[in-house]
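Here is a friendly note for a colleague who is meeting this structure for the first time. Please keep the sequence and the 3D view open as you read.

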Amino acid sequence: MKKVLLGAVGLSAVLASCTGVGVAYEPVTITAINSFTSDYYRVVTDPTTGQPRNEYVICSDRPTTVYMDVSWNGPLSRLDARFEGANSGEATTKTTGTFPADISGRDTFTYQFAAGAAPLSVSKGSALGAQKLKGQAIIVNPVNKGTTYVTVWGYNPNGLKSNEYDAPGGIPVVTCG
């Protein structure tokens, strides 16, 4: 009987010591921002083709939702994005918050801007990469206020930070009126 009790106490001690053991996840690497869309867009002339195309914007005078299609390698459990005005240096960091490890390698992340909250520069820029139309997008004839540039990075489930990935081009910030 004492041996059984001693064995149970020993097993309990072994199990208790295992609770501090964590899983070591591989690093995560951000590989691309595939596209950017928002609630609003304006029609511009494509300089390469001369054809009209939609350019998604952040409205400075109303709440705007930004959608970014991002690709990565490894287990992603949080994605942060820094929106920064090139000339002003003003920056806002937005986060998705932590979620279960995602190894799918691609997803769309959503960031919200209140009216007047997007940092901007005084120079003009073009929209990010390949554009895709969201059903809720609204056409606007805006007044250009500047450009916001985007850098994204992620974290694996252990909190190890990935590389920082700078999006090509910038997001126009406009008064949508």
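1. **What you are looking at.** Please bear in mind that this is a predicted model. The protein chain has 1 helix and 11 strands.

2. **The chain in a few numbers.** Of the 177 residues in the protein chain, 38% are buried. The accessible surface of the chain is about 9400 Å², and carbon and sulfur atoms account for 56% of that surface. Among contacts between residues at least 6 apart in sequence, 76% join residues at least 24 apart.

3. **An open sheet of 3 strands.** In which order do the strands of this open sheet lie? The order is S1-S4-S7, with antiparallel pairing. Strand S1 (29-38) and strand S7 (106-113) are the edge strands, each pairing on one side only. From one strand to the next, the twist averages 30°. As background, strands of a sheet pair through backbone hydrogen bonds, either parallel or antiparallel.

4. Strand S4 covers residues 64-73 and pairs with S7 in the antiparallel sense over 8 bridges. To find your place in this pairing, look for Ser71, which stands opposite Arg106 in S7.

5. Trp72 is found in strand S4. Is Trp72 buried or exposed? Its relative accessibility is 3%, and because buried means under 20%, Trp72 counts as buried. Leaving aside neighbours within four places in sequence, Trp72 is in contact with a list of residues that includes Val28, Thr29, Ile30 and Thr31, as well as Asp102, Ile103, Arg106 and Phe109. Val28 is 44 residues away from Trp72 in sequence, yet the two C-alpha atoms are 6.9 Å apart in space.

6. **The hairpin of S2 and S3.** Strand S2 (residues 40-45) pairs with S3 in the antiparallel sense, over 6 bridges. Thr45 stands opposite Pro52 in S3. The hairpin has 6 residues between the strands, and in this hairpin Gly50 takes a positive phi near 75°.

7. **The disulfide.** The structure holds 1 disulfide. Which cysteines form the disulfide? They are Cys59 and Cys176, with their sulfur atoms 1.8 Å apart. Cys59 lies in strand S3 (residues 52-59) and Cys176 in the segment after strand S11 (171-175), so the pair ties together parts that are 117 residues apart in sequence. The torsion about the S-S bond is about -80°, so this disulfide is left-handed. Cys59 is buried, at a relative accessible area of 1%, and Cys176 also counts as buried, at 7% relative accessibility.

8. **Salt bridges between two residues.** The structure holds 8 salt bridges, and a few deserve a look. Arg53 forms one with Asp46, and the closest N and O atoms are 3.4 Å apart. Arg53 is partly exposed, with a relative accessible area of 25%, whereas Asp46 is buried, at 18%. In another salt bridge, the side chains of Arg62 and Asp61 meet at 3.9 Å, N to O. Arg62 is partly exposed, with a relative accessible area of 24%, and Asp61 counts as partly exposed at 31% relative accessibility.

9. Glu164 forms a salt bridge with Arg82, the closest N and O atoms being 3.3 Å apart. How far apart in sequence are the parts that this pair ties together? Glu164 lies in the loop between strand S9 (143-155) and strand S10 (165-166), while Arg82 lies in strand S5 (residues 78-85), so the parts are 82 residues apart in sequence. Glu164 counts as partly exposed at 39% relative accessibility, and Arg82 counts as partly exposed at 21%. Arg82 and Glu164 also belong to a network of salt bridges that links them with Glu84 and Lys161.

Definitions and conventions
Residues are numbered from 1 along each chain as its sequence is written. This is a predicted model: local features need pLDDT of at least 70, side-chain atom pairs count only at pLDDT 80 or more; totals for chains, interfaces and linings use all residues. Side-chain values use heavy atoms; hydrogens and water are left out. Two strands pair if DSSP finds at least two bridges between them. Helices (H or I, at least four residues) and strands (E, at least two) are DSSP runs, numbered from the N terminus. Axes are lines fitted to C-alpha atoms, for helices over the stretch in contact, and angles run from 0 to 180 degrees between N-to-C directions. A disulfide is a pair of cysteine sulfur atoms within 2.5 Å. Buried means under 20% relative accessible area, exposed over 50%, partly exposed in between (1.4 Å probe, protein chains only). A salt bridge is a side-chain nitrogen of Lys or Arg within 4 Å of a carboxyl oxygen of Asp or Glu. Contact means heavy atoms within 4.5 Å. Accessible areas come from the Shrake-Rupley method with a 1.4 Å probe; for residues, only the protein chains shown count as cover.
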